[in-house]
Amino acid sequence: MPSFDIMSEVDQPSLRNAVEQANRKIEGRHDFKGTSAKIEHAEKLLTLYGDSDFQLDQIKTILLPEMTKKNVDVRCLDYGDVQKISGNKVKQEVKVRVGVEQDLSKKIVKLLKDSKMKVQAAIQGDAVRVSGAKRDVLQDAIALVKKEITDFPLQYGNFRD
């Protein structure tokens, strides 16, 4: 039975390259000289450091185009609250969302069931497996999910006949 998976993944090497490139640009800018402005990258977490809220916004305007250049979808970012650290310095944690979250998985399954398409959708960990009798129906299902879910980056893979 033909099937495919709906998943959400971020290319970690591309993300790391984008962060490193953004840090190089930050170091080279004159308005950031002598400040604590930088971006730290952990596995699924980016931490932005700056001297003010305005500087954090400037760091984002440097980082987001770099991520776009490296084909990393910026919709995977989940911004946390701005936190004050020593003095007037601030930091912001940005989670990199990987995998289809449970709520979104349920929404996708409900969407496919309500569409009356002849497909079955099942949640499998952090992905949704969709199977159907014909390849054409699966392609229609992909088109429907692409049209309806626009606020989260989804990939469609493991297409099997």
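Predicted model: local features only at pLDDT ≥ 70, side-chain atom pairs only at ≥ 80, totals over all residues.

Analyst: Contact here means that heavy atoms lie within 4.5 Å of each other. By that rule, 60% of the contacts in the chain with a separation of 6 or more are accounted for by residues 24 or more positions apart.

First, the setting. The chain has four helices and eight strands. Read from the N terminus on, the elements run β-α-β-β-α-β-β-α-β-β-α-β. S8 is placed in the loop between β1 (3-7) and α1 (12-28).

Is S8 buried or exposed? Its relative accessibility is 1%, and buried means under 20%, so S8 counts as buried. Buried residues make up 40% of the 161 residues in the chain.

Next, the surroundings of S8. Leaving aside the neighbours within four places in sequence, S8 is in contact with R97, V98, G99 and V100, and also with F152, P153, L154 and Q155. With P153 there is a further detail: the side chain of S8 reaches the backbone oxygen of P153 at 2.9 Å.

Finally, the chain as a whole. The radius of gyration of the chain is 20 Å, whereas a compact globule of 161 residues would have one near 15 Å. Along the principal axes, the C-alpha atoms fill a box of roughly 60 × 25 × 25 Å. The accessible surface of the chain comes to about 9300 Å², and 48% of this belongs to carbon and sulfur atoms. As for charge, the chain has 28 positive and 25 negative charges, and their mean positions are 3 Å apart.

Conventions:
Residues numbered from 1 in each chain as written. Heavy atoms only, no water. Helix = DSSP H or I, 4+ residues; strand = E, 2+ residues; numbered from the N terminus. Rg over C-alpha atoms; globule rule 2.2 N^0.38 Å. Buried < 20%, exposed > 50% of the residue type's maximum accessible area, 1.4 Å probe, protein only. Areas by Shrake-Rupley, 256 points an atom, 1.4 Å probe, with all protein chains shown as cover. Lys, Arg positive; Asp, Glu negative; His and termini not counted. Charge placed at Lys NZ, Arg CZ, Asp CG, Glu CD. Polar contact = N/O pair within 3.5 Å; in protein donor to acceptor, adjacent residues only side chain to side chain.
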